[in-house]
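Here is a short briefing to read with the model open beside you. Take a look at the fold, then follow the topics below.

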Amino acid sequence: MSGVWVFDKNGVARLISNPTRESFQQKEPSNPGTATAPGARPRVLVFLPANQVIRSYAELEERLIELGWTPYHNLNRPNLLQFHKSEDSAHLISLPKDFANFKCLHMYDIVVKNRSYFEVRDA
C-alpha cells in the first residue's frame with residue numbers, strides 16, 4: 001500500500017492513495033470559507049489599530065485606502081485585485097479576486113508592506 005497517511009483532529013488516520021492538494025484540504029468549522037491542510041493552524045489577518053480581524057475584501061480595501069493604498073485596475077489581469085501605494089512607488093499588492101483564495105502568502109505580503117498596521121495571527 002503506497003500513499004500518504006493523514007490524521008484528522010480526532011486522531012483518526014486515513015490513507016490517501018493518490019494524494020492531490022484537494023485531498024489534504026479540510027474545511028475549518030470555525031471559518032467555513034477557508035481550507036487548511038491537516039495539522040496546519042488557520043491564520044487571520046488583523047488590522048492592529050482597531051484589533052480587527054479582516055474577514056472580507058470590503059474590510060481590507062477600506063483599511064488599505066485609509067493607509068494610502070489605491071485600487072489598481074489592471075485590465076490585463078482581471079482575476080486579480082490590486083492596490084498600489086502611489087504612481088511613483090513600486091509597491092504593489094496583488095490578491096486573488098475571490099476572497100476564498102486569500103491565503104497566508106497574501107496576508108504576509110500585506111504585513112511586510114504595512115508593518116505597523118497589520119499582523120498575521122493564529123485563528
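A residue counts as buried here when its relative accessible area is under 20%, as exposed when it is over 50%, and as partly exposed in between, using a 1.4 Å probe and protein chains only. By that rule His106 is buried, with a relative accessible area of 16%. This is a predicted model, in which local features need pLDDT of at least 70 and side-chain atom pairs count only at pLDDT 80 or more, while totals for chains, interfaces and linings use all residues. Residues are numbered from 1 along each chain as its sequence is written, and side-chain values use heavy atoms, with hydrogens and water left out.

**His106 and its surroundings**

- His106 is found in helix 3; helices (H or I, at least four residues) and strands (E, at least two) are DSSP runs, numbered from the N terminus.
- Not counting residues up to four places away in sequence, His106 touches Ser94, Leu95, Pro96 and Asn101, where contact means heavy atoms within 4.5 Å.
- Leu95 returns the contact with His106, and beyond neighbours within four places in sequence Leu95 also meets Tyr57, Leu60, Asn79, Leu80, Leu81, Phe83, Phe102 and Ile110.

**Helix 2**

- Tyr57, Leu60, Arg63 and Leu64 are the buried residues of helix 2, which spans residues 57-66.
- These residues cover an arc of only 130° around the axis, which puts them on the same side of helix 2; the arc is that of the directions from the helix axis to the C-beta atoms.
- The packing partners of these buried residues are strand 5 (43-47), strand 6 (52-53), strand 8 (80-84), strand 9 (92-96), helix 3 (104-113) and strand 10 (118-122).
- Just after helix 2, Gly68 takes a positive phi of about 95°.

**Aromatic pairs**

- Four aromatic pairs turn up in a search of the whole structure; rings of Phe, Tyr and Trp (its six-membered ring) pair if their centres lie within 6.5 Å, and planes under 30 degrees apart count as stacked, over 60 as edge-to-face and the rest as tilted.
- One of them is the edge-to-face pair of Tyr57 and Phe102, at 5.8 Å centre to centre with 75° between the planes.
- This pair links distant parts of the chain, as Tyr57 is in helix 2 and Phe102 is in the loop between strand 9 and helix 3, 45 residues apart.
- Tyr57 counts as buried at 11% relative accessibility, and Phe102 is buried with a relative accessible area of 8%.
- Phe99 and Phe102 form a stacked pair, 5.1 Å centre to centre and 20° between the planes.
- Phe99 counts as partly exposed, at 25% relative accessibility.
- Ring pairs link Tyr57, Phe99 and Phe102 into a cluster.

**Strands and sheet**

- Strands of a sheet pair through backbone hydrogen bonds, either parallel or antiparallel.
- Five bridges join strand 8 to strand 9 in the antiparallel sense, and His84 has Leu92 as its bridge partner in strand 9.
- Four of the five residues of strand 5 are buried, so strand 5 is largely enclosed by the rest of the structure.
- Strand 5 pairs with strand 10 in the antiparallel sense over five bridges, and two bridges join strand 5 to strand 6, also antiparallel.
- Val46 has Glu119 as its bridge partner in strand 10 and Val53 as its bridge partner in strand 6.

**The nonpolar core**

- The largest nonpolar core has 18 residues, and those with the most contacts inside it are Leu45, Leu60, Leu64, Leu95, Phe102, Ile110 and Phe118; such a core is a set of buried Ala, Val, Leu, Ile, Met, Phe, Trp, Tyr and Cys residues joined through side-chain atoms within 4.5 Å.
- Strand 5, helix 2, strand 8, strand 9, helix 3 and strand 10 are the elements that give two or more residues to this core.
- Leu45 lies in strand 5 and is buried, with a relative accessible area of 1%.
- Leu45 and Met107 are 62 residues apart in sequence and 6.0 Å apart in space, C-alpha to C-alpha.

Notes
Two strands pair if DSSP finds at least two bridges between them.
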